[in-house]
Amino acid sequence: MKATSVCLPLFATLALSVAVARAEAGQLPRGVAPSKAQLYTSDDSGRWKCLDGSKTIPFSAVNDDYCDCKDGSDEPGTSACGTGYFHCTNVGHIGSDIKSSRVNDGVCDPECCDGSDEYDGQIYCPNICEEVGAKAKEEQKRVRVIQEQGSRLRKQYIEHGKSVKSKMQEEIAQLKGKTEQLLKDTNDARDKLNEASEEVEKYYEGTKKERAAARWTQLAPLIKEQTRRLKFALYTKKKLFKTLKQLKDNYNKNYHDLAVKSAVAGFDDYLETLDKDTDADPPAASVEEGTADDTEISADDQFDKVTQDTNIVLREIGSLFELLAGMAEDYNIEYNDEAVLAAVTVTKDVERNWDQIGLEFKDDTELVVPEEESDETPEEKALKEASDKAQSDLNDAMAEEERVKDRIEDLTRKLETDLGSDETFAQLLDQCFDYKDIEYTYSVCLFGDANQRSQTTTFLGKFSTWVGDNYDTQLYSGGTKCWNGPDRSVKLVMSCGTENKILSVSEPEKCEYLFKLQTPAVCPILPDDDIEKEAAAPEKKGNTKNHDEL
Amino acid sequence: MDSARGLTPSSPARPSRSNRSSRTILRSVLALGLVLACASTASAVKREDFKTCAQSGFCARNRAYADIAKEAPDWVSPFQLTPASVRLRNGIFTADLINTHESTNPSPRPPLALELHLLDNDAVRVRINERDAILPRYDGVQETVLVKPYGFASDVTYELSTDTASGTTTIQYGSQNQNTVKIGSAPFKIEFLVNGVSTVLLNDEGLLRFETLRRKEEEQKQSDDDSDDSDDSKLVDQDSEGESSEIVIEKSELEKKLEENLWEERFKEFTDSKPRGPESFGMDITFSGINHVYGIPEHATSLSLKATRGPDAPYSEPYRLYNLDVFEYEANNPMALYGSVPFMLGHSKNSTAAVFWMNAAETWIDVEKSAEDKSSGLLSWIKGKKTLSTPTTKTHWISESGVLDLFVFLGPTQRDIFRQYSSLVGTTVLPQSFAIAYHQCRWNYNTQQDVAETDAGFDEHDIPYDVLWLDIEHTNGKRYFTWDEPKFPNPTDMQQSLASRGRKMVTIVDPHIKMDSSFYVSKEGGELDVYIKNKDGKSSFDGWCWPGNSQWIDFYNPKARDWWASQFSYDRYQGSTKSLFTWNDMNEPSVFNGPEITIPKDTIHYGDVEHRNVHNLYGTMFHSATAQGLTQRNETQQRPFVLSRAFYAGTQRYGAIWTGDNMATWEHLEYASPMLLTIGLAGIPFSGADVGGFFGNPDAELLTRWYQAGVYYPFFRAHAHVDSKRREPWLFGEPYTTQIREAVRTRYAYLPFWYTLFYETSVDGTPIIRPMFTEFPEDEAVFAMDDQYMVGNALLVKPVSKPGVTRSTVYFAGSEKWFDIKDYSVEQGPGFKEVASPADKIPVYQRAGTILPKRERPRRSSKAMENDPFTLVIALDSEGKATGRIYLDDGETFSYEHGDFILREFEATGGVLSSRDARPASKEVAKVSDFVQRIAALRIERLVFVGSKVALKKVSVGGQELPVECVLAPNGGGHVCTVKEPRVTIGEDFELLFE
């Protein structure tokens, strides 16, 4: 048995740890907080009971670097159990409890500024408590100042909130009283306009036919031009349709050319929508230009109709052309599929022609409909003016009615909004804050919308609810849907500060944003006497005015 | 993943009346058309992105050949050895092999050369190549896959006998003279016997087929001739009397298939130009008397390979080996995945054998179980009753190009096979010790702040972890080796902060290089001309991957490898520190706009090698160059850590792999076990599956169960897709945080055991996690079992892979006891038993007869455990015996190669627990470092004896009595006795008495 001789280094280690334990005998065992001192005393027979009462061990087994107790309470000063806490005295700073799994793990834990957690010699952790303590005190002071200021501001918010709420209620009552009169005003104005219009109508009735004819003459060239466009468009569409039809019927299915297949598939989809929506094809009759003799329809209406039809056909051309153009770009040349080659030729023709049509369409813009020409009589002028006046009065009356209605709605919404237990957030209602990062500017209007802007604006969500019970976290949801992800949403987390501003914006998960907002609205409310002295000071910075526009 | 999926369909803009030109209308209207087009293609499913055998010309041809053989009543292989050509010298047998079907041609094709090498590790190598090919066939795989020029076995002794009547040559060889090779000449076939028992047969089914290289012009001329002369379309058929008679028959559909897609192939919009024409080959390999075959990863299938041919075959497609990036891969499907190892092991109660089909081109493997299996399986239970046919597994191997180069390993035990195979392709390189602890990954940790918060989250919730990973978003526009500076302004500080708590970082580096002349890597790569070339062999290939237009480095170019390795030096890779390691992804390679999402086969590598020849090895070449870079960057060399997604035989020499982009489903959790077991059997034990599942969102229960399983993956990493919800272990709240913490801590407690297993596999190639049949090779009940497995020889693990489960049925193999590792409750084998598996644990048992070293103190990282004392858990068997080992070294450098390590063997027997030095004699002389000396002096703080029938009364060491405390195991069945502070160290010899 040679164990005794080789065990020497081990005994040295053991002896060391025992010595360490002894050095503190009579005092507190290592890692025990002073407040727990009475828990670490041996009984008369030199024994000690685990704090969970599960076992009794010799007191010498406390901190012997071996875990005896289930709850780990026998090793407050070592990592043997790893489940309890080690108390760092941190003289010069405040003491702290760190997990005993951090004892002698080769890391200088910042929480243990005195370095007492690393005592086995593998690493030296200097005592930096004085420095840390000083910094902490400064930090404490800074926080205290912020909290005091924040508290004052918040109290103002609360006051504001309460007064604003009653003001809003008063205003609603007042506005509601007005609504009946406003409705009456509108109706009166409408009656007057009707009378005036009838007068005008009467006057016009006599000259109707001549006017219509004149208008037809005036618009005839425009209608003609627009009709030519429509015809050309229809011709092009038919050509594209026929080309796709032939492609569909004749292409070689064995080649599995994805570009061709997707063009055909797109065409099938198109045919399906045609079946469902037969109106998509404008009736051929409408291609007729129409004339002044046509009393059924006015020249203006005819022009609008042809223009509208043209646009419909253009849109279809777009769909069909895109199918062919997409194929022409990606198809496999090596297959030499004649049907495909034919379609490609047509596609290129159409594209070339289209540019030429651009010329045919002359000024390359939509045709502008001129004002009606007329020689106005004084009577006609007076009647028209009366009618215009009546129209403008009606507009004003309706606008006022609308304004009052909107205001009532807005006030009602605000009154129904949960502005916190003490109406603190009335101050922030509809206030907007921006945050610029590298790529985007983020914005949120409290209780309103959140957005992300660069060249374009992306809607991130609308206020939906408070999260938790503390009135410090809001959820904005229902934003624009993310590709392959959820609807965008924002979690707004608030912390105490003397001014309102967004501190950071991040996207911890795709399309789920986290805004951190600093605001007095969540500062703790300190008792008044605490800040009396401060209040007496003339400092007014950060104070916000009351927002009477609420 | 597919970049096209990123398009957000724009809503159609309506032309307004006043301000749109007709041209603008056309444009806005085009957008409408685009929506239409998108809608029609968005439903494209990934299965269609990948070929079936029928869509792969050479697979279809060789499978058709097999069909012809099966349909012909008396099929005989047309291949014969030319008797006059047979030679055997210095352990190498050579002969000419001719195809008698073709010899009637006016210009007979040159014969094939057969070589058979008897190797000094008792394995046999079989090679078939063209003797006088018009162009050399690619034969370079051996240069990168084999670890050394394998011995030509000149010192192997063998006996040769030839039976001229039957034309059979018999060679007897092997270290115990246990192996017999019988080579039949007409028809050609090879039979391997171990101790007289037929085990592996080559070309027994007569499926050998070899497309010799030819010129396209001749081919066309000949086919013209064929149409003139109808005689050539006759087949020689043998009638029942054995007389050869010519019957004129029309070419059947199958025969026509033999001539399809020879010179060019199309798949979807892609064309493979095949400049060398057809050059595939195939051969059948029969595992005689063996009903279960395993291996040929990577497929999301069961451990015991299912049949792909024959009546009732569960699969209709062959297993495919072609490294591919498969988006949202399916479980229970033989489709190809990210890695390929053409190694197959067959095992039965009586024999074990394996083959390694050394080819890196696209390969397909059909598996067919003999029809008699069902009855014979039952009948064979009846002792002494000889069944008419033994269960047999027939496999058919088909490769697109190269030479037939096959290794046959005959054991006789599985351990022998692992040793034989790994002596050729290498063993797992010993990883740094942190690499086997827990890894935290996500696509992506977005900013330096995010990293700091995640790191702090682990400490706050007291969950240990070692490595934080950064996915592609950490780079500046997917330019690897760069940082997105606004988000990661100070990567060095970030890594040092992690390192101060013993932690590491891993960043991703992929093989595609963004085409951008202002990016130094891209620019230098261009100047050095190190990119893979287009089929013209001149211009560099470019394609799409994460950075957009990219080029792929040709790691077959030695200059490229060295240049690549140099990129990892600290002055090149700005912002890297020695605690930064590497992740190689997308190295199949993944090319978003390529055929089957990979690079075209006709692209060209260094030395004018077509990509098709080396496809399955590309990822490994990349992996190897990266590992070389990490090794070289330090003056005192540190072991590298590189994770790769693609792999091939030999990958184990460079680092770890994982099973790629799995999904957050219970099914994928379940399939992770057979996949990892299979990959481990094939020589790559350092592997894992993404804990939690990559795609999708696991619920709290699935995530917790996955952590509990992942603790027992050799590579243990959690990972998540960018579109998934955050799922750091504490985010689901209690009780899940505690359950996950307990699971991860269990991994850390057993790290000494895991590290020892890594050492052992680095020596002999034995898998780390093992199928039940590896540890219990004679118990037929476990041959197909893959829902439970062994860690080393000691821990039995049964992951829970169903929701809402609180009880699990576990098979306890052998006749010894098993001890629950949490409370030491006892189960007795053999047989199935239902045991508790409540939410906070999965069934894990220590096997009686083993001693496991542990470190039980919870710590925040493995580094923080470096000086912690040990616990030994001694699980005594029915004879009061147990053994175990521990391996320790500095965990970082290569000094272990010079013997600077501790290897102890513990043994409990006859009431004595002893520890002795178990280092191989060759390692003993080396100097031991201070570090190792310090580790050697760490004490064993606790001994736990389980399985003792009576409570231990007295334990002593060196005459000094030690305190011992015994309690009864919770479910009876024995005592659990704990010895506090046995006053011995981990590195010393001792004898401790217990009674």
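Q: So a disulfide is a pair of cysteine sulfur atoms within 2.5 Å. What pattern do the disulfides of chain B follow, counting bonded cysteines along the chain?
A: They follow the pattern 1-2, 3-4. Keep in mind that this is a predicted model.

Q: Which cysteine sulfur is nearest to that of B:C441?
A: That of B:C545, 17 Å away. B:C441 is in no disulfide.

Q: Is B:C441 buried or exposed?
A: B:C441 has 2% relative accessibility, so it counts as buried. The cut-off for buried is under 20% relative accessible area.

Q: And what about B:C545?
A: B:C545 is in no disulfide either. Its nearest cysteine sulfur is that of B:C441. B:C545 is also at 2% relative accessibility, so it counts as buried.

Q: What do B:C53 and B:C59 form?
A: A disulfide, with the sulfur atoms 2.1 Å apart. The angle about the S-S bond is -100 degrees, and the link is left-handed. B:C53 and B:C59 are both buried.

Q: How many disulfides are there over all chains?
A: The structure holds 10.

Q: Let's move to chain A. Which cysteine is A:C50 joined to?
A: A:C69, with an S to S distance of 2.0 Å. This link is left-handed, at -80 degrees about the S-S bond. A:C50 lies in the loop between β1 (47-49) and β2 (56-58) of chain A, and A:C69 lies in the loop between β2 and β3 (85-88), so the bond ties together parts 19 residues apart in sequence. A:C50 and A:C69 are buried.

Q: What about A:C67, which cysteine does it pair with?
A: A:C81, again through a disulfide with S to S 2.0 Å. The torsion about this S-S bond is about 110 degrees, so the disulfide is right-handed. A:C67 and A:C81 each lie in the loop between β2 and β3 of chain A, so the link ties parts that are 14 residues apart in sequence. A:C81 has a relative accessible area of 7%, so it is buried.

Q: New topic: salt bridges. How many does the structure hold over all chains?
A: It holds 102. One of them is between the side chains of B:D405 and B:R125, at 2.6 Å from N to O. B:D405 sits in strand β23 (residues 404-409) of chain B and B:R125 in strand β5 (residues 124-130), so the pair ties together parts 280 residues apart in sequence.

Q: Are those two buried or exposed?
A: B:D405 is buried, with a relative accessible area of 2%. B:R125 is buried too, at 0%.

Q: Which residue does B:E279 bridge to?
A: B:R276, with the closest N and O atoms 3.3 Å apart. B:E279 and B:R276 are buried.

Q: And where do B:E905 and B:R916 sit?
A: B:E905 is in strand β48 (residues 902-909) of chain B, and B:R916 is in strand β49 (residues 912-917), 11 residues apart. Their side chains meet in a salt bridge at 3.8 Å, N to O. B:R916 is at 45% relative accessibility, so it counts as partly exposed.

Q: Which residues do salt bridges with shared partners join into one network?
A: They are A:D65, B:K854, B:E856, B:R857, B:R939, B:E941, B:R942 and B:E981.

Q: Now the whole of chain B. How many helices and strands does it have?
A: It has 18 helices and 55 strands. Of its 995 residues, 62% are buried. Chain B exposes about 35,900 Å², and carbon and sulfur atoms supply 50% of that.

Q: Let's pick a helix. Which residues of α10 in chain B are buried?
A: Helix α10 spans residues 520-528, and B:V521, B:S522 and B:G525 are buried. Seen down the axis, the buried residues of α10(B) fall within an arc of 100 degrees, so they line one face of the helix.

Q: What do those buried residues pack against?
A: They pack against β27 (512-514) and α11 (558-566) of chain B.

Q: And what follows α10(B)?
A: B:D529 does, and its phi is positive, near 60 degrees.

Q: Last one: what does UniProt list at residues 165-199 of chain A?
A: An unreviewed UniProt entry gives "coiled-coil region" there. In the model, that span is 100% helix and 0% strand, with its end C-alpha atoms 50 Å apart.

Q: And at residues 765-852 of chain B?
A: UniProt, in an unreviewed entry, places "domain: Glycosyl hydrolase family 31 C-terminal" there. That stretch of chain B is 5% helix and 40% strand, and its end C-alpha atoms are 20 Å apart.

Note on methods: Residues numbered from 1 in each chain as written. Chains lettered and ligands numbered in written order. Predicted model: local features only at pLDDT ≥ 70, side-chain atom pairs only at ≥ 80, totals over all residues. Heavy atoms only, no water. Buried < 20%, exposed > 50% of the residue type's maximum accessible area, 1.4 Å probe, protein only. Helix = DSSP H or I, 4+ residues; strand = E, 2+ residues; numbered from the N terminus. Arc of directions from axis to C-beta. Contact = heavy atoms within 4.5 Å. UniProt positions renumbered as here; feature names shortened; annotations may be inferred. Areas by Shrake-Rupley, 256 points an atom, 1.4 Å probe, with all protein chains shown as cover. Salt bridge = Lys/Arg side-chain N within 4 Å of Asp/Glu carboxyl O.
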